[in-house]
Amino acid sequence: RQGRGGKGVIDIKTGGLTGRVVGLPRVREGDDTLLVTTRGKLTRFPAVDVSSQGRNTWGVRVIDVEADDRVVSLARVEGERGNGA
């Protein structure tokens, strides 16, 4: 919440080594995350492998890319939610 004259809340530090934010998918337990780079590299990993971070943090590295490559897209891959049978 912001009081009168508030200027917002910082939630992610960007710039320098981190670069720009590509996206912030909301994930659930059992979901996977898929990253795509400009050179066509695809990386899929369980969302639970990324540690939870508080506000105003630098975040965590989830993929290494070459100097001439960039992450251009990410997506949540919904996990299978079986009925226990």
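This is a predicted model: local features need pLDDT of at least 70, side-chain atom pairs count only at pLDDT 80 or more; totals for chains, interfaces and linings use all residues.
The protein has 85 residues, with three strands and zero helices. Read from the N terminus, the elements run β-β-β. Of the residues, 13% count as buried. The accessible surface amounts to about 7300 Å², and carbon and sulfur atoms hold 47% of that area. Among contacts with a separation of 6 or more, 63% are between residues 24 or more positions apart.

The three strands make up an open sheet in the order S2-S1-S3, with antiparallel pairing. Strand S2 (42–46) and strand S3 (71–77) stand at the edges; each has a single partner strand, so one side of each is without a neighbour in the sheet. Neighbouring strands are turned against each other by 20° on average, direction ignored.

Take the pairing of S1 and S2. These strands are joined in the antiparallel sense by five bridges. Asp32 has Pro46 in S2 as its bridge partner, and Leu34 stands opposite Arg44 in S2. The two strands form a hairpin with four residues between them, and in this hairpin Gly40 takes a positive phi near 90°.

One of the facing pairs puts Thr37 opposite Val71 in S3.

Thr33 gives a view of the sheet from within strand S1. Is this residue buried or exposed? Thr33 has a relative accessibility of 7%, and because buried means under 20%, Thr33 counts as buried. Leaving aside residues up to four places away in sequence, Thr33 touches Val27, Thr43, Arg44, Phe45, Ala47, Leu74 and Ala75. In a regular strand, side chains alternate between the two faces of the sheet.

The structure also holds three salt bridges. In one of them, Arg76 pairs with Asp31, and the closest N and O atoms are 3.0 Å apart. This pair links distant parts of the chain, since Arg76 is in strand S3 and Asp31 in the segment before S1, 45 residues apart. The two partners can be compared by accessibility. Asp31 is buried, with a relative accessible area of 1%, while Arg76 is partly exposed at 34%.

Another salt bridge joins the side chains of Asp32 and Arg44, at 2.9 Å from N to O. The pair connects strand S1, which holds Asp32, with strand S2, which holds Arg44, and the residues are twelve positions apart. Asp32 has a relative accessible area of 18% and is therefore buried, the cut-off being under 20%. Arg44 is exposed, with 52%; the limit for that class is over 50%.

Where does the salt bridge of Asp68 and Arg39 lie in the chain? The side chains of Asp68 and Arg39 meet at 3.2 Å, N to O. Asp68 is in the loop between S2 and S3, Arg39 is in the loop between S1 and S2, and the two are 29 residues apart. Asp68 counts as exposed at 54% relative accessibility, and Arg39 is exposed with a relative accessible area of 55%.

Which residues make the nonpolar patch? Ile12, Val21 and Leu24 form this patch, with an area of about 260 Å². Leu24 lies in the segment before strand S1 (32–37). Why does Leu24 count as exposed? The relative accessibility of Leu24 is 61%, and exposed means over 50%.

In short, the antiparallel sheet has the order S2-S1-S3.

Note on methods: Residues are numbered from 1 along each chain as its sequence is written. Side-chain values use heavy atoms; hydrogens and water are left out. Patches are made of residues with over 30% relative accessible area and no salt bridge: like charges are joined within 9 Å, nonpolar side chains (Val, Leu, Ile, Met, Phe, Trp, Tyr) within 5 Å. Accessible areas come from the Shrake-Rupley method with a 1.4 Å probe; for residues, only the protein chains shown count as cover. A salt bridge is a side-chain nitrogen of Lys or Arg within 4 Å of a carboxyl oxygen of Asp or Glu. Buried means under 20% relative accessible area, exposed over 50%, partly exposed in between (1.4 Å probe, protein chains only). Two strands pair if DSSP finds at least two bridges between them. Axes are lines fitted to C-alpha atoms, for helices over the stretch in contact, and angles run from 0 to 180 degrees between N-to-C directions. Contact means heavy atoms within 4.5 Å.
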